[in-house]
Amino acid sequence: MPLTLWRDISPIAQPLRRPTPKSPHVLVVGGGVTGLISSWVLLDRGYRVTIVSNAWVSDEQRLTSQIAGALWEFPPAVCGQHTDKISLANSKHWSMTAYHIWDGIASIPSLSEASGVRMMPSDFFFPEVVESDKGQTSKMTEIMASGVKGFYRGADIIDERGVDPSYGAIDAYELMAPVIDTDKAMVWLMELVEGKGANLVTETISDDLVEVEDELLDRFDADVIVNCTGLQAQVLAGDESVYPIRGGLIRVINDGTDFPKVNAALTITADAAHSSNEIIFLVPRNDNILLIGGITEPHRWNLDLTLDTPIIRRMRERCERFLPGLENARLDPEYPLAQGLRPFRGQNVRVERELRRTGSRIVHSYGHGGAGWSLSFGCAQDVAALVDEALAGVPARPMSEMVFERKAAGFQRHQGRW
């Protein structure tokens, strides 16, 4: 049974189930969205939680989770790159779990304001009729059956949103999707997990967790370690398949003064365009900022993009051709260009126990790429199930062999265990 807001987790700053001194203690490594939401789920299940990170949410040195576009998407996401069938199947379930929880948060005005989470029309445009592309037809059919709100399919969306007909979009559909102001949401998540009792420790762990597992468990008096370190998992999980895909987003003022205010997310995905060089990604970040994107540059580690970098100039020109009026947009004077490294891996998302050491109590959750916010709660639910397994002494299994039971018994809070 999917993780459910209010039944399994609460957006209130106190745990649904209060821990006792004998409750198991989980050490979560990583202070991004994956680490914070995994901690939230564990705290509401009655675990004691310590989060270790080398950096936290900041306006000066933003985390990858803050730089993210944070538009909820049904997999595969705008930037594509989903190559593993097992991971893709899992991601569809994870994304719908997250969809309903973000929707629940956005539906309460005070929570929506505090968390920066809103539901907004999200429009997807196509250079050909959807039915002419077998993959896109299958994806659209799955979306229609998935339970998302406000699905509508029609080429009239192109005119309604002011898209230039000469750009080449001839088909479109729309759905209501969570859009997240990541700066605000990360602060809210930090305060929430602290309110639920998480202990936050600033520290850099630079060794393979398998090599230092016993030392960490002993030093933090922990029972399980959860690895949510993104790109750092290349070292901390000994996973050489982890690699970055560099991305960049231009931030412009979206107040209706210089161009008609954009009130919906407008995208052409990499898989729809059949090219990662033709992505359109226009997302209202909040009431006054529009994000213009996007790009995908695999294996580029340097954050040295500028507004004059050729790939950024082409990205902006492409979006201006798509949506006339954007050429008049004013840059956000405080933060005109966001850039970051999406944490991918060879077989995509990994939510799995450590397999290299028999009896290890390490659980991994990394490789989310550009979909950390979209997959967040679904992955966190499976992390909690794997933590339960590790504590119960159940042997670790690879993701390819795991079939999580999606029924009530599989995610009930345990009674009288601790």
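Okay, let's start with Thr309, whose side chain reaches the backbone nitrogen of Thr306 at 2.8 Å. That is a polar contact, meaning a pair of N or O atoms within 3.5 Å; within protein, one must be able to donate a hydrogen and the other to accept it, and residues adjacent in sequence count only if both atoms are side-chain atoms.

Quick housekeeping: this is a predicted model, where local features need pLDDT of at least 70 and side-chain atom pairs count only at pLDDT 80 or more, while totals for chains, interfaces and linings use all residues. Residues are numbered from 1 along each chain as its sequence is written, and side-chain values use heavy atoms, with hydrogens and water left out.

Back to Thr309, which sits in the loop between strand E12 (297–298) and helix H11 (310–322). Helices (H or I, at least four residues) and strands (E, at least two) are DSSP runs, numbered from the N terminus. Is Thr309 buried or exposed? Thr309 counts as buried, at 18% relative accessibility. Buried means under 20% relative accessible area, exposed over 50%, and partly exposed in between, using a 1.4 Å probe and protein chains only.

Next, helix H8, residues 209–219: its buried residues are Leu209, Val210, Val212, Glu213, Leu216 and Leu217. They are on the same side of H8, because they cover an arc of only 150 degrees around the axis. The arc is that of the directions from the helix axis to the C-beta atoms. Over on the other side of H8, you'll find Glu211 and Asp218 exposed. What do the buried residues of H8 pack against? Their partners are strand E1 (25–29), strand E7 (224–227), helix H9 (233–236) and strand E15 (362–366). Contact here means heavy atoms within 4.5 Å.

Now the ends. At the start of H8, a side-chain oxygen of Asp208 comes to within 3.0 Å of Val210's backbone nitrogen. Just after H8, Asp221 has a positive phi of about 50 degrees.

Last stop is Asp103, in helix H3 (residues 85–106). Asp103 is buried too, with a relative accessible area of 10%. Which residues does Asp103 touch, leaving aside its neighbours within four places in sequence? Those are Met119 and Lys149.
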